[in-house]
Amino acid sequence: MNALAAKNLSLQRGKRIVLDGVDLTMRPGELVLLAGRNGAGKSTLMRLLLGAERPAKGTVTLHDRPLAEWPALARARELAFVPQEAESHFEFTGRELVTMGRHPHRARSMSLQPDDFAAVERALSAVDALPFADRAVTTLSSGEQRRIAVARALATEAQLLLLDEPTSNLDLEHALQLVVLLKKLAAAGRGVLIASHDLNLLARHCDRVVLLHEGRVFADASPEQAFSVANMATVFGVQSLAPSSYFPRDFSL
Amino acid sequence: MGQTMRWPSTRIVLVLTAALFATALLYLGLAREGAGLGDILSALRGVDEGDLSPAADAVRIDRYVFLQIRLPRLVVAAFGGAALAMAGVVMQAAFRNPLASPDLVGTAAGAAFGGALAIVFSLAGIAVIAVPLCSLAGATLVTALVFVLAGAHQRFSTSSLLLAGIALNTLVGALTAFAVTFTFDNYTASSRVLFWLMGGLESRTWDHAWITMGGFLLFAAGIVPRARELDLLTLRDDSAHSLGIDAAKVRRVLLWFACGLTATTVANTGGIAFVGLVVPHLARLVVGPTHRALLPTAALLGALLLVVSDLLCRLAPADANLRLGVVTALLGAPYFLFLLARHRRGEAL
C-alpha cells in the first residue's frame with residue numbers, strides 16, 4: 001500500500017513549467033532518494049507532497065485520502081519535514097526548536113506533557129545533538145543546525161519523513177550517522193524521502209531512486225538502474241568514470 | 001560556547017507582577033504637589049457624608065484625586081504599555097523579523113490617522129468608542145498594506161519591511177498632518193489632535209481606562225492561547241505547515257489582534273515610541289524567545305516601563321512639560337544602541 005502518492009502533479013511559475021505530470025509514491029519501510037540537477041523541481045515537489053503548496057494539476061493522497069482533506073494536526077502527525085535552509089532569526093535553543101515538533105500532538109491550549117519531553121530527548125539523542133541542545137541555534141554551526149532540524153522532524157514521530165538536503169553541511173561522520181539512522185527508521189517501518197545531491201553516499205543506502213529532469217520523472221528505479229551511465233549523462237550532463245581506489249569509497253561508522 | 005541561560009518564567013512573572021504593584025502604589029502616592037502616599041488609606045476609607053469639616057473636605061478631594069484622576073491614568077499606562085509590548089512580540093514573530101514593531105510597520109501611524117480623522121470629523125463626540133474603532137480601521141489598513149508590500153514570498157526581509165514601513169509611515173503621517181491643517185479653523189479639534197499625536201496620558205478618564213483595559217483583555221485573550229503557534233510562525237512557512245498550522249491564516253489573525261492592541265492603546269494615549277520595539281527584545285533577553293514565557297513577561301515589562309515613564313513625566317517640574325513619548329524614546333534609544341553593539345559582536349538581534 002502506498003502511504004503517500006502523487007499523481008500527475010503539474011505546476012507552473014510564470015511561464016516556467018516547474019513540474020509536469022509527476023507521479024511519485026512512498027511506501028512504509030522504504031528509503032527513497034529524490035535526485036536531479038539544481039532547479040529540477042525537487043524542493044517544489046517536496047512542498048507539494050507536504051501540502052504547503054497546491055499543484056495546478058494532479059493530486060496527492062496520504063493513506064489513500066486526499067492530502068487537502070486531512071486536518072492539519074493529524075496530517076502533521078503522519079508527515080514530517082526537514083527544510084533545506086536554517087530557519088529562525090530568534091535565539092531559540094536547539095531543545096526549544098525540537099520541542100516544536102510536539103505541537104501536532106497537543107491541542108492549541110494544552111501544555112506539553114512528560115511524554116512529549118521524553119520524545120524530544122529521544123530525538124535529540126538519535127542525531128547526537130544532546131551536547132549542544134541547550135545552546136542558541138544562532139550560535140551553532142550549520143551542520144549542528146541541520147541535526148536539530150532533523151531531530152525536530154523525528155520528535156513528531158511521524159511515519160513519513162520528507163527531508164530536503166539533510167546531509168548538506170554535515171561532516172562525513174555525521175552525514176553517515178544520519179543516513180544510517182534514516183535507514184534504521186525505514187527498516188522499522190517508516191517511509192523516508194530524501195531530496196539530495198549527495199549521490200555517492202545515499203545511492204549505497206537507499207532502496208529506490210526517483211530522478212527528476214526538467215520537471216518530469218526521468219527514472220524511478222533501483223539505484224543501479226537509475227544511476228546508469230546513460231541516465232547520469234542525460235540528467236546531470238556528466239560522464240561516469242570507472243571507480244578508482246581513491247573515490248568513491250565505502251564508509252561505515 | 002556555553003549554554004543559553006533562561007530565567008524560570010514563572011518566577012520572573014511573579015517578580016514583575018510584584019514590581020508592577022509596588023510601582024503602581026508609588027504612582028498613586030507620589031506627586032509634585034497634593035495628596036501623597038500617606039493619604040491613600042484615609043482617602044480610600046472615605047468620610048461620612050454628614051461630616052462637613054475642612055479635614056473631611058480634604059479627604060474628599062484626595063479621594064477624587066486618587067480614584068478619578070490618578071487611577072484611570074495608571075490603568076491606561078499599565079494596560080497600554082502591556083498592549084504595545086505584546087503587539088510588538090506578535091509582530092516580530094508574524095513578520096519573522098526582530099525589528100518589526102507597531103511603530104516600524106506603520107500600525108501605530110495608521111491608528112493615529114484613523115483616530116485623528118475621528119476627532120477632526122467630530123465622531124468622538126457621538127460615541128466614546130468612535131476614536132478606538134477608527135484607530136483600529138486605520139491600523140488594520142496600514143498593516144495590511146505593509147504586509148502586502150513587504151511580504152514577497154512571505155519572507156519579510158528586514159530591508160523590504162523597513163522600506164515598506166518607512167513609505168507607509170511617511171505617507172500616513174503626511175495625511176494625518178494634512179487632516180489637522182485642513183481643519184485648522186476648528187482650533188479645538190486640531191489642537192486636540194496635535195496634543196494627542198505627541199503622546200501623553202494627561203486628562204485620562206475612566207472611559208479611556210475601560211477601553212484600554214478592555215481592548216487589552218479582548219485581544220490578548222486571542223493571542224495568549226496561540227503562544228505555541230507564534231513559536232511556529234518564527235519558522236519558515238513550509239516548516240510551520242508541516243507542524244500543523246496554516247501559517248498564512250494564523251499570521252493574518254494574530255496580526256489583526258496586534259492591530260487591535262495597538263489601536264485601542266494609541267486611541268487613548270496618542271503616539272508612544274519604542275515600547276513595542278524595545279520591550280520584546282528586553283523580555284527575550286530574560287526568558288528567551290518561547291512565546292508562552294515571552295508574552296506575559298513582555299506585557300508586564302511594557303506595563304512597568306510605561307507606568308515608570310509616566311510617573312517621571314508627572315514628577316518632572318511643571319515648566320519642563322515633559323512628554324511621555326519623549327521619556328520612552330530617551331529610555332528606548334540607548335537600549336537600541338546596546339542591541340547594535342551586540343549585533344556587531346555577531347550575536348542575534
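How many helices and how many strands does the secondary structure of chain B come to? It comes to 15 helices and zero strands, where helices are DSSP runs of H or I with at least four residues, strands are runs of E with at least two, and both are numbered from the N terminus.

Before the details, the conventions. This is a predicted model, in which local features need pLDDT of at least 70 and side-chain atom pairs count only at pLDDT 80 or more, while totals for chains, interfaces and linings use all residues. Residues are numbered from 1 along each chain as its sequence is written, and chains are lettered from A and ligands numbered from 1 in the order in which they are written.

Chain B to begin with. Its radius of gyration, taken over C-alpha atoms, is 21 Å, close to the 20 Å that the globule rule gives for 349 residues, so chain B is as compact as a globular protein of that length. The rule here is 2.2 Å times the number of residues to the power 0.38. The C-alpha trace of chain B spans about 75 × 55 × 35 Å along its principal axes.

Axes are lines fitted to C-alpha atoms, for helices over the stretch in contact, and angles run from 0 to 180 degrees between N-to-C directions. In the pair of helix 3 (residues 54-94) and helix 14 (residues 291-315) of chain B, the axes come within 7 Å and cross at roughly 140 degrees. That makes helix 3 of chain B oblique to helix 14 of chain B; under 35 degrees counts as roughly parallel, over 145 as roughly antiparallel, 65 to 115 as roughly perpendicular, and the rest as oblique.

For contacts, the criterion is C-beta atoms, placed from the backbone, within 7 Å. Helix 3 of chain B contributes residues including G80(B), G81(B) and M86(B), and helix 14 of chain B contributes residues including H291(B), L294(B) and D310(B). The residues of this contact between helix 3 and helix 14 of chain B divide into 18 nonpolar, four polar and one charged. Ala, Val, Leu, Ile, Met, Phe, Trp, Tyr, Cys and Pro count as nonpolar, Asp, Glu, Lys and Arg as charged, and the others, Gly among them, as polar.

Helix 14 of chain B also meets helix 13 (residues 275-287) of chain B: their axes come within 8 Å and cross at roughly 125 degrees. Helix 13 of chain B is therefore oblique to helix 14 of chain B, and their crossing is right-handed. Among the residues in contact are P280(B) and R284(B) of helix 13 and T297(B) and G302(B) of helix 14 of chain B. By class, the contact of helix 13 with helix 14 of chain B has 13 nonpolar, two polar and one charged residues.

A112(B), A116(B), I119(B) and V120(B) of helix 5 meet A189(B), R192(B), V193(B) and L197(B) of helix 8 of chain B.

On to chain A and its sheets. Six strands of chain A form an open sheet in the order 6-7-8-3-9-10, with mixed pairing; two strands pair if DSSP finds at least two bridges between them. Strand 6 and strand 10 (216-221) of chain A are the edge strands, each pairing on one side only. From one strand to the next, the twist averages 15 degrees. Helix 5 (residues 142-155) of chain A packs on this sheet, touching strand 6 and strand 7 of chain A, and its direction makes about 175 degrees with that of strand 6 of chain A. Strand 7 (residues 160-164) and strand 8 (residues 191-195) of chain A run parallel and are joined by five bridges.

Another open sheet of chain A has four strands in the order 2-1-4-5, with antiparallel pairing. Helix 1 of chain A lies across strand 1, strand 2 and strand 4 (57-62) of chain A, at about 125 degrees to strand 1 of chain A.

Last, the contact between the chains. It takes 30 residues from chain A and 28 residues from chain B. On the side of chain A that touches chain B, helix 1 (42-50), helix 2 (72-78) and strand 6 (79-82) of chain A each supply at least two residues.

Conventions:
Contact = placed C-beta atoms within 7 Å. Left-handed = near helix turned anticlockwise from the far one by under 90°.
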